[in-house]
Amino acid sequence: MEISAFPFPVSDDFSPINNSLPFFNDFDFLDNNNTNNTLPLIVSQPTPKKQKINDPIQEILNRLLFSDHEMPKTEQNPAYPGDFALLDDDTFFPYHNSSSSFTMEMVNDNGKRSRGGSAEVISASEEASAAGSSGGAAPQGQGQSQRRLWVKDRSNAWWEQCNSPDFPEGEFKKAFRMSRATFDLICEELESVVTKKDTTLRLAIPVRQRVAVCVWRLATGEPLREVSKRFGLGISTCHKLVLEVSAAIRTVLMPKFLQWPEPQHMTNTKREFEIFSGIPNVAGAMYTTHVPIVAPKVSVAEYFNKRHTERNQKTSYSVTVQGVVDSNGVFTDVCIGWPGSMTDDKILEKSALYERANRGLLKDLWVVGNSGYPLTDWVLVPYTHQNRTWAQHGFNEKLSGVQAVAKEAFMRLKARWSCLQKRTEVKLQDLPVVLGACCVLHNICEIRGEELPPELRFDLYDDEVVPEITVRSANAMQARDQLAHKLLHQLV
């Protein structure tokens with residue numbers, strides 16, 4: 001597989017949390033009862049306590065901030081145990097109350113963790129004073145500091161149900177576009193790469209759940225918010241898992257499932273293509289499709305898809321995927337990521353397949369394409385001029401049968417992995433890796449005989465623009481004419 005070297009635009013990440021810091025810095029994050037001016041143990045670095053100002057403006061801000069919660073502990077409202085909990089330098093959360101969906105996770109120095117619906121933040125000075133007032137030393141382990149972390153309580157009941165052995169096979173295949181056996185194979189292959197270690201703060205996400213997040217996101221194309229609800233994980237965590245697992249698929253599975261055919265495989269491919277088309281030495285069928293994207297912030301004109309925009313009467317931006325498939329619809333070469341404004345012949349010239357042919361590695365082989373590609377010594381395309389002969393008409397019909405294998409493969413690719421039909425949320429520079437993972441997963445499903453449900457099938461259409469120079473080799477034009485006459489005599 002080839003990942004395009006096109007310079008993708010990189011935009012600065014927007015951080016709403018960082019922008020909110022000046023606002024929150026005006027509040028007091030310490031307990032009013034904390035006379036020693038020490039932060040609760042949940043704060044990693046001590047910060048001097050600010051002087052509390054009894055101000056009517058601050059009172060209004062407090063009421064606005066805590067409209068959905070109890071008011072924080074102030075002189076007017078001492079019932080609340082504190083103001084805010086500080087997770088790190090950039091993240092603040094109100095303490096837990098009866099209407100909150102947050103729970104507190106406490107980790108002691110021995111690595112043990114516990115959870116509770118609510119917890120009271122105790123400072124080190126309060127622990128020391130409590131031990132001193134009791135007239136003796138604190139019990140062993142009681143005086144040890146504890147680090148505490150707010151964790152949002154999310155339900156992963158849907159995933160636990162899918163992961164259960166009793167879950168129906170049909171429902172599992174409907175959700176993940178593959179059987180449980182194929183899913184287990186992918187998990188086994190990726191386990192050594194995607195496995196993470198447990199930490200003192202939290203348990204690592206299991207391998208099966210990591211792979212399931214990526215596969216379900218690619219299969220359904222659902223937004224990350226829905227992925228988060230299904231698997232009980234944070235939105236940013238789900239996005240990170242999709243990228244990590246996609247990269248692992250490219251690193252581990254692509255060398256095994258997406259490669260140019262070996263000599264024995266190539267012999268079988270040529271024989272199978274010749275059986276149903278009558279055209280010898282066909283190494284594969286080639287097709288180029290477009291994947292819609294959100295308009296990039298830079299190089300907008302490069303990604304503007306003029307043909308799709310004119311046909312659909314809707315502004316369209318896209319990246320391209322060029323692929324070669326064998327007689328079974330399995331990808332043997334892909335070129336991913338070139339902008340949607342480029343024509344098929346220009347994309348072909350940028351691909352590694354074109355370089356391989358220029359080095360003579362495709363000698364005496366044909367790669368069949370549609371009218372969007374030029375006729376070369378190794379690319380075989382139909383006749384495009386008017387007033388064609390009977391031999392040329394017959395040749396075009398036979399060639400269209402070979403070309404249909406590639407188009408059908410791309411239809412199954414986009415139908416099985418629905419994210420390719422929607423404008424993706426993935427950044428442009430990360431998109432080639434995700435698209436490559438879809439191609440690899442497509443090959444695994446095709447090799448293992450995973451059938452595509454009929455309700456997912458659709459009519460795939462990509463505009464074909466005839467290149468300015470349709471014939472780039474006189475020898476290829478002569479060879480095509482000889483094939484046309486040979487096929488005509490076979491039909492007679």
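User: Which residues in α11 meet K398, G401, V402 and V405 in α16?
Analyst: This is a predicted model, in which local features need pLDDT of at least 70, side-chain atom pairs count only at pLDDT 80 or more, and totals for chains, interfaces and linings use all residues. Residues are numbered from 1 along each chain as its sequence is written, and side-chain values use heavy atoms, without hydrogens or water. With contact taken as heavy atoms within 4.5 Å and helices as DSSP runs of H or I with at least four residues, numbered from the N terminus, the residues of α11 that meet this set in α16 are F273, F276 and S277.

User: How many residues of the contact of α11 with α16 are nonpolar?
Analyst: Ala, Val, Leu, Ile, Met, Phe, Trp, Tyr, Cys and Pro count as nonpolar, Asp, Glu, Lys and Arg as charged, and the others, Gly among them, as polar. Beside two polar residues and one charged residue, the nonpolar ones number four.

User: At roughly what angle do the axes of α11 and α16 cross?
Analyst: The axes are lines fitted to C-alpha atoms over the stretch in contact, with angles from 0 to 180 degrees between N-to-C directions. Those of α11 (residues 263-277) and α16 (residues 390-416) come within 9 Å, and their crossing angle is roughly 135°.

User: How far apart are the axes of α10 and α17?
Analyst: Helix α10 (residues 235-257) packs against helix α17 (residues 431-447) at about 50°, and the two are therefore oblique to each other. The distance between their axes is 8 Å.

User: Which residues of α17 make the contact with α10?
Analyst: On the α10 side, the contact involves L243, S246, A247, I249, R250, L253, M254 and F257. Those of α17 are V433, V434, G436, A437, V440, L441, N443, I444 and I447.

Notes. Angles under 35 degrees count as roughly parallel, over 145 as roughly antiparallel, 65 to 115 as roughly perpendicular and the rest as oblique.
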